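I have a new structure open and want to get my bearings. These are my notes on what I looked up, in the order I went.

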Amino acid sequence: MKALIDRLIERYGTPVRAYTEGKYDYFRGFFQLVTSKSWQNMERMFPACGEVARGQFLLIAPPGAALKPTSVLLVDGKDYIVRRADYILYGSKRLFIWALCVEGGGDDTWSA
C-alpha cells in the first residue's frame, strides 16, 4: 500500500516548496481547498486591520517531507502556513502526512 501511495503522489501531485526551521524542502503533494458549511468557514469577519480569511486547505504529502506546524508552503505562486501536520499510519509504516493549512499573508482563526 505504501508503494502505491508514493507512486500516486509522485505522479499526480502538485509541486510544493516548504520552508521549515531555516531549510527548504521540495516535494509533490495533493493540495485542495477544504469546503465546509460550518460557521467557521462561512461567517466573514472584519477586525480593525482588515478582513480575516476563512479558507483552509488540505495537503497530502509524502512521509519524508519536512513539515510541521508553522512551516510555510509555496504552492502555485501562493504562500500557505501549516497549522497541523500528522503522520497517517498503516500498521507501523508511515503512509503519508496529512496537513491542514491556511493562506498566508493575513490573520487567521488559528492564532486566537
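**Ground rules**

I'm working with a predicted model, where local features need pLDDT of at least 70, side-chain atom pairs count only at pLDDT 80 or more, and totals for chains, interfaces and linings use all residues. Residues are numbered from 1 along each chain as its sequence is written, and side-chain values use heavy atoms, with hydrogens and water left out.

**Entry 1: layout**

I began with the secondary structure, and the protein chain has two helices and six strands. Helices (H or I, at least four residues) and strands (E, at least two) are DSSP runs, numbered from the N terminus. Reading from the N terminus, I get the order α-β-β-α-β-β-β-β.

Next I looked up burial: 33% of the 112 residues in the protein chain are buried. Buried means under 20% relative accessible area, exposed over 50%, and partly exposed in between (1.4 Å probe, protein chains only).

I also checked how far contacts reach along the sequence, a contact being heavy atoms within 4.5 Å. Among those in the protein chain between residues at least 6 apart, 53% join residues at least 24 apart.

**Entry 2: the cores**

Which residues touch the most other members of the largest nonpolar core? I found Phe-27, Phe-31, Leu-59, Leu-67, Leu-73 and Cys-101, out of 16 residues in that core. At least two core residues come from each of strand 1 (14–20), strand 2 (23–33), strand 3 (56–61), strand 4 (72–75), strand 5 (78–90) and strand 6 (93–103). A second, separate core has six residues, including Ile-5, Ile-9, Leu-95 and Phe-96. For the term itself, a nonpolar core is a set of buried Ala, Val, Leu, Ile, Met, Phe, Trp, Tyr and Cys residues joined through side-chain atoms within 4.5 Å. A reminder to myself: in soluble globular proteins, nonpolar side chains tend to be buried together.

I then followed Leu-67. Not counting residues up to four places away in sequence, Leu-67 touches Ala-18, Thr-20, Phe-27, Leu-59, Ala-61, Leu-73, Val-82, Ala-85, Ile-97 and Ala-99.

**Entry 3: Thr-20**

Thr-20 sits in strand 1. With neighbours within four places set aside, Thr-20 contacts Ala-66, Leu-67, Lys-68 and Ser-71.

Two of these partners also turned up when I checked polar atoms. The side chains of Thr-20 and Ser-71 make a polar contact of 2.6 Å, and a polar side-chain atom of Thr-20 lies 3.0 Å from the backbone oxygen of Ala-66. A polar contact is a pair of N or O atoms within 3.5 Å; within protein, one must be able to donate a hydrogen and the other to accept it, and residues adjacent in sequence count only if both atoms are side-chain atoms.

**Entry 4: salt bridges**

How many salt bridges does the structure hold? I get four, a salt bridge being a side-chain nitrogen of Lys or Arg within 4 Å of a carboxyl oxygen of Asp or Glu. I wrote up three of them.

- Asp-6 and Lys-2 pair at 3.0 Å, N to O. They are four residues apart in helix 1, so about one helical turn separates them. Asp-6 is partly exposed at 27%, and so is Lys-2 at 29%.
- Lys-78 and Glu-103 pair at 4.0 Å, N to O. This pair links distant parts of the chain, with Lys-78 in strand 5 and Glu-103 in strand 6, 25 residues apart.
- Asp-86 pairs with Arg-84, and their closest N and O atoms are 2.6 Å apart. Asp-86 is partly exposed at 28%, as is Arg-84 at 44%.

**Entry 5: a nonpolar patch**

Leu-4, Leu-8, Tyr-12 and Phe-30 make a nonpolar surface patch of about 380 Å². Patches use residues with over 30% relative accessible area and no salt bridge; like charges are joined within 9 Å, nonpolar side chains (Val, Leu, Ile, Met, Phe, Trp, Tyr) within 5 Å. Helix 1 (residues 2–12) gives the most to the patch, with three residues. Leu-8 is in helix 1 and counts as partly exposed because its relative accessibility is 38%.

Technical notes: Accessible areas come from the Shrake-Rupley method with a 1.4 Å probe; for residues, only the protein chains shown count as cover.
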